[in-house]
Amino acid sequence: MKAKNSPLKVKSQIVIVIFLFLFSGLISCNDDDSSDMESSQKIAYSGTFVKSSESVSTSATGSVKATFDPATLKLSYTITWSGLGSDAASMHFHNEAPVIIEITGFSNTTSGTISGSATLSSQQATDLASGKIYAQIHTPDYPSGEVLATLTKDSSTPSNPGNGGGSGY
């Protein structure tokens, strides 16, 4: 003869099944999932233009605002400048010394704004995090560069607690 389950026993079994279902869902949310989400956070960078060298005499000002996406290695930027001694002739990002991103389409004037984006290599991304990337504006008066702005991580960018406080970029 088969024994019948009491209503209390059935309810207990349902609660256990629901608990196991929810618990298994929590277990599947491991650190790898959260790291992927955190690593896709964009990192804000900025820089203020200063004269490129001691031999430059300029009152030019301006800034670079940028965001970097570690997941895609994409750097998006806006460059604003004013007061150059002569019209902007060329503009680019340097990695300590070599040109890594040529900027085109800017206005050949003493003041202006340009926005764009570029994909960095892994090494360039590491150098960006280390403060080795800078934007530079060259003019006919200063063909070696009138002003430059080193990109530094904005303090308002949240840290990535999932891997020790930062993604390394």
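These are my notebook entries on a predicted model of one protein chain.

**Ground rules.** I number residues from 1 along each chain as its sequence is written, and I work with heavy atoms for side-chain values, leaving out hydrogens and water. Because the model is predicted, I take local features only at pLDDT of at least 70 and side-chain atom pairs only at pLDDT 80 or more, while totals for chains, interfaces and linings use all residues.

**Overall make-up.** I looked up the secondary structure and found 3 helices and 10 strands. Helices here are DSSP runs of H or I with at least four residues, strands are runs of E with at least two, and both are numbered from the N terminus. Along the sequence I read the pattern α-α-β-β-β-β-β-β-β-α-β-β-β.

**Burial and surface.** I looked up how much of the chain is buried: 31% of the 169 residues. Buried means under 20% relative accessible area, exposed over 50%, and partly exposed in between, with a 1.4 Å probe and protein chains only. The chain exposes about 10000 Å², and carbon and sulfur atoms supply 57% of that area.

**Contacts.** I took contact to mean heavy atoms within 4.5 Å. Of the contacts with a separation of 6 or more, 63% are between residues 24 or more positions apart.

**The sheet.** I traced an open sheet of 5 strands in the order β7-β4-β3-β1-β10, with antiparallel pairing. Two strands pair if DSSP finds at least two bridges between them. At the edges I noted β7 (112-119) and β10 (152-153), each pairing on one side only. I then followed β4 (residues 74-82), which is joined to antiparallel β7 by 8 bridges. In this pairing, T78 stands opposite S115 of β7.

**The aromatic pair.** I found 1 aromatic pair in the structure. Y77 and F93 form it edge-to-face, at 5.0 Å centre to centre and with 65 degrees between the planes. Rings of Phe, Tyr and Trp (its six-membered ring) pair if their centres lie within 6.5 Å; planes under 30 degrees apart count as stacked, over 60 as edge-to-face and the rest as tilted. The pair links distant parts of the chain, with Y77 in β4 and F93 in β5 (residues 90-95), 16 residues apart. I noted both Y77 and F93 as buried.

**The salt bridge.** My search of the whole structure gave 1 salt bridge, a side-chain nitrogen of Lys or Arg within 4 Å of a carboxyl oxygen of Asp or Glu. The side chains of K51 and E54 meet in it at 4.0 Å, N to O. I recorded E54 as exposed, at 70% relative accessible area, and K51 as partly exposed, at 36%.

Notes. Areas by Shrake-Rupley, 256 points an atom, 1.4 Å probe, with all protein chains shown as cover.
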